[in-house]
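The sequence and the model are shown first.

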Amino acid sequence: MSHRIPPDSAERRAIAPVICYPNETLPDPDLATLAGARDAARKTGECLVPPREGRCFHVPAGHFFRITSVEGPQVGDMNLWSAADPRERFYSGKTRALHGTHLTRGDRLWSSFPGLRPMATITEDTLEWYGIDEFGGSVHDVIGTRCDPYTHHLLSGDDYHHCCHSNLTNALMAELNLTREMAEPLVHDVLNVFMCTGFTRDTGQYFMKASPVRPGDYLEIFAEIDLIGGLSACPGGDCGSQHSSDTAVCHPLLVEVFAPTGPVSRPRPAPNGYRWP
Ligand SMILES: [Zn+2]
């Protein structure tokens, strides 16, 4: 049944929007202090994530990690867990509500309830120049979820085993010696590193387009608490055409960890202060 357009429809549409979560009261990420610590940091380890695979890595609080495009354009689906308790994990939806649909330098990666604290802070982004393109697309989104075999099966009837959800599950099982039943519920919606996405203006549908990332581009992140990171080199490659298949050209992603040479004068964020009555 179609419904009548009300006579004041134009007036109602013309109401100006207000920001749901004004974020000026959030604690300052203090990028200057972090830049100083990073200048003096030294590399302590690295991990190469093979194409269509996932890997986990540890980043102690106060350390930095860098995700770099190597060999060719490639998108990475990233999860973060508190090393002390992996049930506290990255909350992409609330991060989106606080910072916007796409993240860049200065944005924080917030943890799930009840912690709701910054797990990490983005300190460098070589794709910061991209901004928002004419299609409404931008880079490093928190609007997608992660490619997964269930949605793929729902839409195509096929089974594909190298989706980012599967890769992250397998990587966490290996890292923490967990069964799939234990690991899979800990995998969560991602930060889509290097992925270029948006919503179509006419239908509001989630779109992707070939990532502008090129070898040498990187995203660097400061660990506010002890972290386990998970990264999947998405089977969609640069996500210019499709994912959840073996047809896209895929490349590895490099993860490097850097330790500060002195103490970073920065308190670890406490869990959220809210108390139930
Ligand atoms: Zn993926």
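In strand β8, Leu191 is the bridge partner of Met78. The contact belongs to the pairing of β8 with strand β4 (residues 76-82), in which three bridges join antiparallel strands. Helices (H or I, at least four residues) and strands (E, at least two) are DSSP runs, numbered from the N terminus, and two strands pair if DSSP finds at least two bridges between them. The model is predicted: local features need pLDDT of at least 70 and side-chain atom pairs count only at pLDDT 80 or more, while totals for chains, interfaces and linings use all residues. Residues are numbered from 1 along each chain as its sequence is written.

| Partner of β8 | Residues | Bridges | Direction |
|---|---|---|---|
| β4 | 76-82 | three | antiparallel |
| β7 | 138-141 | three | antiparallel |
| β9 | 206-209 | four | antiparallel |

Cys196 of β8 is the bridge partner of Val139, and Cys196 also stands opposite Lys209 in β9. Strands β8 and β9 form a hairpin with six residues between them. In that turn, Gly204 has a positive phi of about 70°. Strand β8 is mostly covered, eight of its nine residues being buried. Here a residue counts as buried if 20 or more other C-beta atoms lie within 10 Å of its own, exposed if 12 or fewer, and partly exposed in between, with C-beta atoms placed from the backbone.

Helix α3 (residues 92-99) has Ser92, Thr95 and His99 as its buried residues. They lie on the same side of α3, because they cover an arc of only 60° around the axis; the arc is that of the directions from the helix axis to the C-beta atoms. The buried residues of α3 pack against β5 (108-110) and β8 (191-199), where two residues are in contact if their C-beta atoms, placed from the backbone, lie within 7 Å. Just after α3, Gly100 takes a positive phi of about 120°.

Helix α4 (residues 149-156) is hardly covered, as the count of buried residues among its eight residues is zero. Gly157 follows α4 and has a positive phi, near 80°.

Ser9 lies in helix α1 (residues 9-13). With 10 other C-beta atoms within 10 Å, Ser9 is exposed. Ser9 and His99 are 90 residues apart along the chain, and their C-alpha atoms are separated by 31 Å.

**The open sheet**

Six strands form an open sheet in the order β1-β12-β3-β10-β6-β5, with antiparallel pairing. Its edge strands are β1 (42-49) and β5, each of which pairs on one side only. From one strand to the next, the twist averages 25°. Within this sheet, five bridges join β3 (residues 64-69) to β10 (residues 218-223), and Arg66 stands opposite Glu220 in β10.

Helix α2 (residues 31-39) lies across β3, β6 (118-125), β10 and β12 (253-259), running at about 75° to β6. Axes are lines fitted to C-alpha atoms, for helices over the stretch in contact, and angles run from 0 to 180 degrees between N-to-C directions.

**The annotated region**

An unreviewed UniProt entry carries the annotation "domain: DUF1989" for residues 49-228. UniProt positions are given in the numbering used here, feature names are shortened, and annotations may be inferred rather than shown by experiment. Over residues 49-228 the chain is 18% helix and 31% strand, and the end C-alpha atoms are 15 Å apart.
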